[in-house]
Amino acid sequence: MSEALLVVNSGSSSVKFAAYDTGNSGGGADSALARIASGKIEGIGGTPRLLIRGQDGAVLEDRAISLPADLAQAQQQAFGQLFDWLGRHADGRTLGAVGHRVVHGGERFSRPARITPEVLAQLDELTPLAPLHQPHNLSAIRAIAGLLPGLPQVACFDTEFHASQPWVAQAYALPRRITEAGVKHYGFHGLSYEYIASVLPERLGTVGEGRVVAAHLGNGASLCAMQGRRSVASTMGFTALDGLMMGTRCGSLDPGVVLYLMRGLGMSPKAVEKLLYEQSGLLGVSGVSGDMRTVEASETPQARQAIELYLYRIRQQLGSLAASLGGLDALVFTAGIGENSAMIRRRVCIDAAWVGVALDDAANEAPSSAARRISTPASRVAVWVMPTDEELMIARHTLAVLDLL
Ligand code: ADP
């Protein structure tokens, strides 16, 4: 009998999930992993809905669900309803494990980890480093442990892929004692970059082993420089606030601004946190939205400026990563904006002409959701759009940690 594996990516008011058949064949890697369903529970704490899609993307469920007002209880009951559904549609499979996206693994976790009470306590300590994500990632683990105490759970970290970066890419120029206490550049979106790195050989051949920058442009956004398919530099740092401008996060900022906000404007640390994580970026600059589709559709001067600033930051930071690599052989766009906004890709590529990028406009505009090359044959830099698959990466890690491969 084959087993099912659930992958969970839990946010503040929504839970994204994907269920896989592990095949239980011992056949290794993806021969044993077939996605059987995916979806999300959104509106937790408000008007909750459950959406489930089948293997082929067809909607199987899309309905309002009722959950209690208390957030922890609501999350637990939401998982309860999901497990009920999976149980009824399992075709005889039993649920063998749950793999979670956990945003911060700190210094201690440079590999995926099986959850124990001790591991959970260590991950709790990292909450101040990722206040927007870590508490929700961990409360999902607790909710599932409360429902199914014996079920193995595995944490997979967004920081992990960047552990290969050289010391100079990780260190801040701070006193040693601060660096040694773990205040360093970690980098995020690692599960997405790890997936991209895994498909580079099949798409780019030997070029994929060279100097590659991947641009994960979603609600959060970052760039990762890879050499030999390992991370050597990235734009995010100690927290997921640094680097590019994002949907609601500010990206790179003079630390003196933070001091001024607190001392000069009398803002509390909590208020500064809210400003930098939730009220800045596209939302703060445009005054319209943190969602790129809405900002692109808006004609206000502030929305236009927000896009100009978004692009300027990518232009500068792509230059910085190309410099750390000593040149550029390939550029890969991924995530919501990277995969879907032809306008943003076109502008980034025009800005990157200096490094040898020549865009094929027709290929860039062609409607497709498949991995594809969008640079001209003569372009010195190969430019690609590649859909990311963080869930598959988590499923692979979960199986490997539990030794089910
Ligand atoms: P998350 O980081 O939450 O996983 P996604 O990777 O789904 O987010 O990216 C969400 C972003 O992608 C939003 O800003 C959304 O507006 C943007 N996006 C999705 N489709 C398009 C599109 N066709 N054009 C422009 N932006 C898009």
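**Exercise 1.** Leaving aside neighbours within four places in sequence, with which residues is Phe333 in contact?

*Solution.* The model is a predicted one. The criterion for contact is heavy atoms within 4.5 Å. Once neighbours within four places in sequence are set aside, the partners of Phe333 are Ala215, Leu217, Gly338, Arg345, Val348, Cys349, Ile374, Val383, Trp384, Val385 and Met386.

**Exercise 2.** Determine the make-up of the largest nonpolar core.

*Solution.* Begin with the residues. This core has 43 of them, and Phe333 is among those with the most contacts inside it, together with Val213, Leu217, Tyr310, Leu318, Ile344 and Val383. Next, assign the elements. Two or more residues come from each of strands E9 (211–217), E10 (221–227), E12 (330–334) and E14 (382–385), and from each of helices H10 (292–297), H11 (301–325) and H13 (342–351). Of the elements, H11 gives the most, with 10 residues. Finally, another core lies apart from this one; its 32 residues include Val7, Tyr193, Val199 and Cys224.

**Exercise 3.** Describe the open sheet of eight strands and the helices that lie against it.

*Solution.* The edge strands, each pairing on one side only, are E5 (59–64) and E7 (113–114). Helix H1 (residues 71–88) packs on the sheet, touching E1, E2 (15–21), E3 (34–42), E4 (49–54), E5 and E6, and its direction makes about 150 degrees with that of E1.

Second, examine one pair. E1 (residues 3–10) and E6 (residues 94–102) pair in the parallel sense over six bridges. Within E6, Leu95 stands opposite Ala4.

H3 (residues 134–147) lies across E1, E6 and E8 (153–157), and runs at about 165 degrees to E6.

How values were computed
Residues are numbered from 1 along each chain as its sequence is written. This is a predicted model: local features need pLDDT of at least 70, side-chain atom pairs count only at pLDDT 80 or more; totals for chains, interfaces and linings use all residues. Side-chain values use heavy atoms; hydrogens and water are left out. Two strands pair if DSSP finds at least two bridges between them. Helices (H or I, at least four residues) and strands (E, at least two) are DSSP runs, numbered from the N terminus. Axes are lines fitted to C-alpha atoms, for helices over the stretch in contact, and angles run from 0 to 180 degrees between N-to-C directions. A nonpolar core is a set of buried Ala, Val, Leu, Ile, Met, Phe, Trp, Tyr and Cys residues joined through side-chain atoms within 4.5 Å. Buried means under 20% relative accessible area, exposed over 50%, partly exposed in between (1.4 Å probe, protein chains only).
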